[in-house]
Amino acid sequence: MNETMLKLRIWARAETTLLKINARRTGNRFTALAIALGLAVLAVGMINIGIFELLAESYGRVKGAFYLAGANGLFAAIVVFFAQRSKPGLEEEMVNEIREMALAELQTDADEIKEEFDRIAEHVKQIEDAVSALRGIGHGSTLSSLGPVVELAVHALKSRHGGK
């Protein structure tokens with residue numbers, strides 16, 4: 001069981017590390033998006049006034065406003081696209097491999113425990129069959145005739161182990 005506990009600890013450590021890495025990446029994404037949004041608001045806000053005036057002269061105020069809004073939307077989409085392109089690094093891939101190995105080992109251990117339970121269940125079945133066979137001895141007599149023998153064996157075992 002000590003080996004199983006070690007495997008569980010490795011798996012838990014891998015899960016915790018992946019959670020921290022994902023939280024860090026999410027925080028970095030959020031920070032990048034917040035900075036990009038702030039810069040976009042400041043820069044686009046200042047530039048928009050100048051561009052709007054130029055577009056208003058060339059295309060009129062209404063068309064100029066629509067053209068400027070489209071350009072601002074495209075710029076924002078480009079910033080969001082680059083912020084979302086963050087990919088897993090080597091560290092995360094390594095921790096993922098460790099997690100997968102630990103889970104595979106734990107699955108192997110679980111399979112071994114299941115096999116052991118199956119063996120125990122088979123032994124219990126054999127005992128049940130033996131008890132059923134004993135019931136048939138003596139033309140339908142019950143195990144009540146074995147009661148004194150079992151009681152004597154229990155008493156002997158208790159006295160052997162100091163009455164525990």
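## Salt bridges, a nonpolar patch and a pocket

The side chains of glutamate 116 and arginine 119 form a salt bridge with an N to O distance of 2.6 Å, and both residues belong to helix 3, where they stand three residues apart, about one turn of the helix. The model is a predicted one. Glutamate 116 has a relative accessibility of 37% and therefore counts as partly exposed, and arginine 119, with a relative accessible area of 43%, is likewise partly exposed.

In total the structure holds eight salt bridges, and three of these pairs are set out below.

| Pair | N to O distance |
|---|---|
| Glutamate 116 and arginine 119 | 2.6 Å |
| Lysine 7 and glutamate 3 | 3.2 Å |
| Glutamate 105 and lysine 7 | 3.0 Å |

Lysine 7 takes part in a salt bridge with glutamate 3 and in another with glutamate 105. Lysine 7 and glutamate 3, by contrast, both lie in helix 1, four residues apart, about one turn of the helix. Glu3, Lys7, Glu105 and Asp109 are linked in a network of salt bridges.

A nonpolar patch on the surface is formed by Leu6, Ile10, Met94, Ile98 and Met101, which together have about 460 Å² of accessible area. Helix 1 (2-59) and helix 3 are the elements that give two or more residues to this patch, and helix 3 provides the largest share, three residues. Isoleucine 10, which is found in helix 1, counts as partly exposed at 36% relative accessibility.

The largest pocket holds about 160 Å³ of space, and its lining consists of Ile21, Arg24, Arg25, Asn28, Arg29, Ala32, Ala83, Ser86, Gly89, Glu91 and Glu92. Helix 1 and helix 3 each supply at least two residues of this lining, the largest share, six residues, coming from helix 1.

One of the lining residues, glutamate 92, is placed in helix 3 (residues 90-140). Glutamate 92 counts as buried, with a relative accessibility of 9%, and, leaving aside its neighbours within four places in sequence, glutamate 92 is in contact with Leu18, Ile21, Asn22 and Arg25. Among these contacts, Ile21 and Arg25 also line the largest pocket.

Conventions:
Residues numbered from 1 in each chain as written. Predicted model: local features only at pLDDT ≥ 70, side-chain atom pairs only at ≥ 80, totals over all residues. Heavy atoms only, no water. Buried < 20%, exposed > 50% of the residue type's maximum accessible area, 1.4 Å probe, protein only. Contact = heavy atoms within 4.5 Å. Patch = residues over 30% accessible without salt bridge, like charges linked within 9 Å, V, L, I, M, F, W, Y side chains within 5 Å. Areas by Shrake-Rupley, 256 points an atom, 1.4 Å probe, with all protein chains shown as cover. Salt bridge = Lys/Arg side-chain N within 4 Å of Asp/Glu carboxyl O. 1 Å grid on protein atoms, 1.4 Å probe; cavity = no way out; pocket = protein on both sides within 12 Å on 5 of 7 lines; lining within 4 Å. Points joined across faces, edges and corners; volume = space filled by probe spheres on them.
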